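Here is a short tour of one protein model. Start with the strands, then look at the helices.

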Amino acid sequence: MKTNYHTHTFRCKHASGTDRDYVVAAVANGFSELGFSDHVPYPYQDYTPPYRMLLGERESYMAAVNGLKKEYAGKIRILTGFECEALPQYRNYLAELREQADYLILGNHGDESKPDYRYAGFNTRPEHIREYVESTLKGMEWGIFSYLCHPDLTLHSYPVFDAAAKDMSRQISRAAKALNIPLEYNLNGIYNHLGMKDTLGYPCRMFWEIAAEEGAAAIMGVDAHSPQSFAWPEWDTGVHFLHSLGITVLEKLEL
Ligand SMILES: [Zn+2]
Ligand SMILES: [Zn+2]
C-alpha cells in the first residue's frame, strides 16, 4: 500500500496540473490515500507571497479537495491538509486551521516575509544549520503537525557533513523519536538536486544513518508539484534504503 500526504496544487504558483490530475495519477500509481498539503496561506498584512496561495483562496481549496474526497470515495481516500512553517507569530492561526483540515505537516523553509529571509535549502554555513535546528525543534513541539517534511532540507546547498550537520541530524531525530513525529523521506529533493555538485542535497544518507541510530520513524513523501511525480521510481529505492538501515517506514498516518 502506498500513501502520500505531501501534495501541492496550482494555487502555490509553482505546481502544475489540476487537482483532479493529481488524484487520477495517484490512483493510477497504486496509492490508497492522498493528502493534499499545499503551502499554507498566512494572514500577512503588508506582504504578497509569490509562491503560495493567498488567504482568500483557502476556502475554495478546502472545498475543491472535499469535493474530490466525496467523488472518489471507495477508490482512494483523500484528505485536506497544509504544509506549514511554524512561524511563531501565526501559531494561533495554525492551531485553529488544524481543527478545520484533516492534518498539517511541518515544512521549515524559513519566514519569507522577513527582510533577512534565506530559504532553508540555500543554507551554506554552520550558523544557518543551527538556526534551522532551533526553529524546527520549536515547531515540532507545538503538537499540531503530523510529520516533519524533508528534515534534511537544510543540507540541500550545504557542502560537507560537518559537526553542525551531525548535530542537526542527531537533535531532530531525537526529537522525532521523543515526540512521536515521523520524518519524511522526500522524493522531490532527489529531483531538486539534479545538476548540483559539491553539495549534500536531500534526502541525505548520513542524516538517515543518524535517524536510524536514534530510532526515528520515517514516512515516504512525494512532495508532488506535478501529477507525474506519483510515478517516480525512487519511491521503491527509498523504501529499500530506509529498511536497509533498520528504519520503520510508516505505511499510513494515524489521524
Ligand atoms: Zn512547493
Ligand atoms: Zn512541499
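The model is a predicted one.

**The four-stranded sheet**

Helix α1 (residues 19-28) lies across β1, β2 and β3 (77-84). Its direction makes about 150 degrees with β2. Helix α2 (residues 58-71) also packs on the sheet, where α2 touches β2 and β3. The angle between α2 and β3 is about 155 degrees.

The sheet itself is open and has four strands, in the order β1-β2-β3-β4. Their pairing is parallel. β1 (2-4) and β4 (103-106) are the edge strands; each has a single partner strand, so one side of each lacks a neighbour in the sheet. On average, neighbouring strands are turned by 30 degrees against each other, direction ignored. Three bridges join β1 to strand β2 (residues 31-39) in the parallel sense. K2 has F31 of β2 as its bridge partner.

**The buried side of α1**

Which residues of α1 are buried? They are D19, Y22, V23, A25 and A26. These residues sit on the same side of α1, because they cover an arc of only 165 degrees around the axis. An α-helix has 3.6 residues a turn, so residues three or four places apart point the same way. The buried residues of α1 pack against β1, β2, α2 and β3. After α1 comes G30, with a positive phi near 85 degrees.

**A pair of helices**

Helix α5 (residues 163-179) and helix α7 (residues 205-214) have axes that come within 9 Å and cross at roughly 40 degrees. That angle makes α5 oblique to α7. The crossing is right-handed. On the α5 side, the contact involves K166, S169, R170, S173, R174 and K177. On the α7 side, M206, F207, I210, A211 and E214 take part.

**Strands β5, β6 and β7**

Strand β6 (residues 218-221) pairs with β5 and with β7, as the table shows.

| Strand pair | Sense | Bridges |
|---|---|---|
| β5 (residues 183-186) and β6 | parallel | four bridges |
| β6 and β7 (residues 249-250) | parallel | two bridges |

Y185 stands opposite M220 in β6. The bridge partner of A218 is V249 in β7.

Are the faces of β6 covered or open? Both are covered. A218 and M220 are buried on one side, I219 and G221 on the other. In a regular strand the side chains alternate between the two faces of the sheet.

Methods
Residues numbered from 1 in each chain as written. Chains lettered and ligands numbered in written order. Predicted model: local features only at pLDDT ≥ 70, side-chain atom pairs only at ≥ 80, totals over all residues. Pairing = 2+ DSSP bridges. Axes fitted to C-alpha atoms, helices over the stretch in contact; angles between N-to-C directions. Contact = placed C-beta atoms within 7 Å. Buried ≥ 20, exposed ≤ 12 C-beta atoms within 10 Å, placed from the backbone. Arc of directions from axis to C-beta. Parallel < 35°, antiparallel > 145°, perpendicular 65-115°, else oblique. Left-handed = near helix turned anticlockwise from the far one by under 90°.
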